[in-house]
Amino acid sequence: MELDFEKAGGLVPAVIQDNLTGQVLMLGYMSQEALDKTRQEGLVTFFSRSKNRLWTKGETSGNTLEVVSIARDCDNDSLLIKVKPNGPTCHTGSTSCFGEEESSNRVAAIRFIAQLEGVIQERKTNPVEGSYTNFLYSKGVNKIAQKVGEEAVETVIDAVAGKLDTMKGEAADLLYHLLVLLSATGLELKDVVAVLQERHKK
C-alpha cells in the first residue's frame, strides 16, 4: 500500500531517529518527490514548508543524515527514518532538536556493547584469521577465564591507586574478555542482565 500523502495536503511527517542510539533527532515533512530523492541519494531530503521547495538536510551546513532504513506506520501516513547523522542535527548545534544529550550518550554506550557482543559471537561462528577473539576461543575457557581474572586485578590496582586514565583501559579489557568468556560458555549478556533485573525487583 502506498503512503497517503493526500491526508495532510500532500505531505507526510517523518520522524528522524539515530540508528545507533535510538534518539529522536528531529521531525520534518516529506512530499512524494522528497521521499523519492531520499531513497535515490541515501540522504534525508524534506519538503520545506517555509521555503516551499525540497531541502536536503545539511545542504549548507554539511550535517547530513545518511539513511539506514525507512519504515511507514500502520496508517500509511507517517514515516520513521533511521539515520547515521553526520554532525549535530539541530540548528542550535545540539545532537537533537529535542535535547537529552546525556541520555543519548548513555544509550549509545549500551548499544555499542550489544554490537561488540554481536561481533564476538560472529567470530565464534565464523572465525577470522588473525583475530584476537578467535585466538582466545582456541585457547579454551580456562585461558579466557584467566584473562578475565588478570584484567580484573589490574582494574582494581588502578582504582585503588587513583589512576583513572589507565583504569579506563583496564576496565575496557575486562569488559571485553568477560564478553568473550560469556560467549565461550554459551551465555549472553542478556542472561546476566536478567539476573540483575530479578534482583532489582526484591
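Author: Start with a distance. The centres of domain 1 and domain 2, taken over C-alpha atoms, are 37 Å apart. Within domain 1, the residues that lose the most area to domain 2 are Leu20, Thr21 and Gln23. Together these three make up 87% of what the domain 1 side buries. Keep in mind that this is a predicted model.

Now place the two parts along the chain. Domain 1 covers 6-85. Domain 2 covers 102-201.

How many residues of each domain are in contact with the other? Domain 1 brings 5 residues, and domain 2 also brings 5. The area buried between domain 1 and domain 2 is about 440 Å². Carbon and sulfur atoms give 54% of that area.

Next, look for charge pairs across the boundary. Between domain 1 and domain 2 there are 0 salt bridges. What kinds of residues, then, make up the side of domain 1 that touches domain 2? That side has 1 nonpolar residue, 4 polar residues and no charged ones.

Salt bridges do occur in the model, with a count of 7. Side chains of opposite charge can pair when their charged atoms come close. Take Lys37 and Glu41 as one example of a salt bridge. Their closest N and O atoms are 3.0 Å apart. Both residues belong to helix H1, which spans residues 32-41. Lys37 and Glu41 are separated by about one helical turn, because they are 4 residues apart in that helix.

The model has 3 aromatic pairs. Ring pairs link Tyr132, Phe135 and Tyr176 into a cluster. The numbering puts these three residues within domain 2, at 102-201.

Back to the boundary, then. Domain 1 and domain 2 touch through 5 residues on each side. They bury about 440 Å² between them, with 0 salt bridges across the boundary.

Terms used
Residues numbered from 1 in each chain as written. Predicted model: local features only at pLDDT ≥ 70, side-chain atom pairs only at ≥ 80, totals over all residues. Heavy atoms only, no water. Domains from an automatic or database assignment. Contact = heavy atoms within 4.5 Å. Buried area = accessible area lost by both parts, 1.4 Å probe. Salt bridge = Lys/Arg side-chain N within 4 Å of Asp/Glu carboxyl O. Nonpolar A, V, L, I, M, F, W, Y, C, P; charged D, E, K, R; others polar. Phe/Tyr/Trp six-rings, centres within 6.5 Å; stacked < 30°, edge-to-face > 60°. Helix = DSSP H or I, 4+ residues; strand = E, 2+ residues; numbered from the N terminus.
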